[in-house]
Amino acid sequence: MTMQTVRDVMTTNVVYLPSETTLAEAARTMREQDIGDIVVADGPGLTGVVTDRDIVVRAVAERCDPAATTIGEIVTRDLVTVRPEDSIHTAALLMRDQAVRRVLVCDDVQGLVGIVSIGDLAEEIDPDSVLGGISKAAPNN
């Protein structure tokens, strides 16, 4: 049996927005693209990642104005990365150890090539688990 790699399960449709994008704009983009994360990039370098949960916990719960607050103000700058050839079990352990739900997938040639989420891994590692079942559920309305 061949070991499954991060490349086998990662999402390659990465959405980038600049740090001056408002939370409202980022949330609309997430809804339109049916995604839960945005990579924040200013120029050629990555600034960080903003998730739908970040918008709620770091901004809405703190009563920040989504039309005036930027994703640069709430971005997670400590990026956790894996390589495309890493095993999915390595990625799962890294998520557990770093207490994150998503990791960026980077290689030496192209840089960022994808994102893998805890749901992606659950679907592959144990598709019959509750988390695996949730990940397969219909997209959010």
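Me: What order do the elements of the protein chain follow from the N terminus on?

Reply: The elements run α-β-α-β-β-α-β-α-β-β-α-α, which comes to 6 helices and 6 strands. Helices (H or I, at least four residues) and strands (E, at least two) are DSSP runs, numbered from the N terminus. This is a predicted model, in which local features need pLDDT of at least 70, side-chain atom pairs count only at pLDDT 80 or more, and totals for chains, interfaces and linings use all residues. Residues are numbered from 1 along each chain as its sequence is written, and side-chain values use heavy atoms, with hydrogens and water left out.

Me: Why does Thr-51 count as buried?

Reply: Buried means under 20% relative accessible area, exposed over 50%, and partly exposed in between (1.4 Å probe, protein chains only). Thr-51 has 12% relative accessibility, and therefore counts as buried. Thr-51 is found in strand β3. Leaving aside neighbours within four places in sequence, Thr-51 is in contact (heavy atoms within 4.5 Å) with Met-30, Gly-36, Asp-37 and Arg-102.

Me: What makes strand β2 mostly covered?

Reply: In β2 (residues 37–42), 5 of the 6 residues are buried. For the protein chain, buried residues make up 40% of the 141 residues.

Me: What makes the second largest pocket a pocket, and what is its volume?

Reply: On a 1 Å grid over the protein atoms alone, a cavity is a set of points where a 1.4 Å probe fits but cannot get out, whereas a pocket is an open set with protein on both sides within 12 Å along at least five of seven lines. The second largest pocket has a volume of about 400 Å³, a volume being the space filled by probe spheres set on grid points joined across faces, edges and corners. Lining residues have an atom within 4 Å of a point. The largest share of the lining, 4 residues, comes from α3.
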